[in-house]
Amino acid sequence: MIIDGRMVAAKRLDLVRKQVDESGCRPCLATVLVGEDPGSKMYVRMKHEACEKVHIISIKADMPATLTTEEVLIKIRSLNTDPSVDGILVQLPLPPQVDTSRVIQAIAPEKDVDGFHPCNIGLLYAGTPRFAPCTPKGIMTLLDEYHIEIRGSRALVAGRSIDVGRPMAALLLHRDATVTIAHSKTRDLREEMKRADIVVSATGKARFITADMVKPGAVVIDVGINYLDGKLCGDVDFDHVKDVAGAITPVPGGVGPMTIASLMENTYKAAMERLCTNVP
Ligand code: NAD
C-alpha cells in the first residue's frame, strides 16, 4: 500500500478551512525568514499559500542574512506581544551567527506553532502535548488515516533531531508503541530495524534504507528530503522496499504535505486557545 500524503493533507486542510470559517475568527501566522536561502524561501512561500487556502491570515517578517541574534530577538519579542498574531514560525536553519536555541526559546510558548520551544517539548514528553512538532504530528495523522495499529507495535525511529526524531518517538510512545530511537552511533541499525513493525526514517541519507533491512509487512515512513544526481529522493530505497513493506510513503507526496497541514492545525489551535483564554 502506498500512503498518499497529498490526499490526506488535502483532506486535513479542508477540515481546517471549515473550522476556521465556522469559528468566525481569522487566525494569523507570522513567518520569520532570515536570509535568502532558496530552499527556506520556498518552504515559507508554501506555508503562506497553505494559509491562504484555509483562510488563515499570514504575515511575513523577511530579514537580511546579516542580522545578529539580538536583532532577531527584537522581532520575536514584538510578534510575541502583537495581539493580532496567533502563531510564530521561525524558518530554520538560521544563519550561522544567529543563536538558534536563543531564538526558539524567545518565542512565546503559546505562539510556538512549530512546537520546538522547550516548554512544548516538555509537555510532549510529559504525555500532554500542546503543539506537537509539525512533521511528527503529520506522520501520526497519516498512520491514523490508514488505520495502522500503533498500540503494542515495535517502532523504530531513525534520527534523534529535535524537530523530527525525538518528538516522533514521544508521540509513538504516547500511543503505546514500544519505541527504539536509532542514530548515527547506533551499532547495528539493520538488526534494530528488522524487528520493527513501524519504521520512521529521518536521517537525511539518500536511499540508505534498503529492502533487506525491513521486516516483511512493516510500515515504512520516509521523512528524508535528499537529492541524488539532481533528483529528489527519500532515505528509503523506495523501488525495492515497496515490495517488502506492508505500507510505505513516497518522496515526494508522503510526509512533506502533512508537515504543512499540521502547521495549519497548530495555528488554528493556537488561535482558539488564545481566544478562549482572552475571554474575561
Ligand atoms: P538532522 O540532520 O538534524 O538529523 C539527522 C539524524 O539522523 C541525526 O539524529 C543522526 O544521528 C541520524 N543519523 C545519521 N546517520 C544515521 C545512521 N546511519 N543511522 C541512524 N541514524 C542516523 O536532520 P532532521 O532535521 O531530523 O531531518 C532529517 C531528514 O528529514 C532530512 O533529509 C530533512 O530534509 C528531512 N525533513 C523532512 C521534513 C518533511 O516535511 N518531509 C521535515 C523535516 C525534515
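Predicted model: local features only at pLDDT ≥ 70, side-chain atom pairs only at ≥ 80, totals over all residues.

**A close look at the parallel sheet**

Modeller: Start at Thr-31, which stands opposite Lys-60 in β2. Another such couple is Ala-30, opposite Ile-59 in β2. Strand β1 covers residues 28-34, and its parallel pairing with β2 runs over seven bridges. Two strands are said to pair if DSSP finds at least two bridges between them.

Residues are numbered from 1 along each chain as its sequence is written, and side-chain values use heavy atoms, with hydrogens and water left out.

Back to the sheet. It is open, has three strands in the order β2-β1-β3, and its pairing is parallel. The edges are β2 (57-63) and β3 (87-90); each has a single partner strand, so one side of each has no neighbour in the sheet. From one strand to the next, the twist averages 20 degrees.

How covered is β1? Mostly: seven of its seven residues are buried, where buried means under 20% relative accessible area, exposed means over 50%, and partly exposed is in between, with a 1.4 Å probe and protein chains only. Cys-28, Ala-30, Val-32 and Val-34 point one way from the strand, Leu-29, Thr-31 and Leu-33 point the other way, and all are buried.

Next, what lies over the strands? Helix α2 (residues 38-53) lies across β1, β2 and β3, running at about 170 degrees to β1. Angles here go from 0 to 180 degrees between N-to-C directions, and axes are lines fitted to C-alpha atoms, for helices over the stretch in contact. Look at Lys-53, which is found in α2. It is exposed, at 56% relative accessible area. Lys-53 and Val-16 are 37 residues apart in sequence, but 9.5 Å apart in space, C-alpha to C-alpha.

On the α1 side, Gly-5, Val-8, Lys-11 and Arg-12 meet Thr-141, Leu-142 and Glu-145 in α6. Contact means heavy atoms within 4.5 Å. The residues of this contact divide into two nonpolar, two polar and three charged. Ala, Val, Leu, Ile, Met, Phe, Trp, Tyr, Cys and Pro count as nonpolar, Asp, Glu, Lys and Arg as charged, and the others, Gly among them, as polar.

Follow the chain on from α6 and you reach His-147, in the loop between α6 and β4. Its phi is positive, near 50 degrees, although His-147 is not glycine. His-147 counts as exposed, at 74% relative accessibility.

Then there's α7 (residues 165-174), which is mostly covered, with seven of its ten residues buried. Those are Gly-165, Pro-167, Met-168, Ala-169, Ala-170, Leu-171 and Leu-172. What covers them includes α5 (118-125), α6, β4 (154-158), β5 (178-182) and β6 (198-201). Just after α7, Asp-176 takes a positive phi of about 70 degrees.

Arg-207, in the loop between β6 and β7 (219-222), has a positive phi of about 45 degrees without being a glycine. It counts as partly exposed, at 34% relative accessibility.

Two prolines deserve a glance too. Leu-92 and Pro-93 are joined by a cis peptide bond, with omega about 5 degrees; Pro-93 is in the loop between β3 and α4 (100-106). Val-251 and Pro-252 are joined by a cis peptide bond with omega about 0 degrees, and Pro-252 is in the loop between β10 (247-248) and α10 (255-278).

To step back, the chain is divided into domain 1 (23-109) and domain 2 (134-255), with bounds from an automatic or database domain assignment. The centres of domain 1 and domain 2, taken over C-alpha atoms, are separated by 29 Å.

Note on methods: Helix = DSSP H or I, 4+ residues; strand = E, 2+ residues; numbered from the N terminus.
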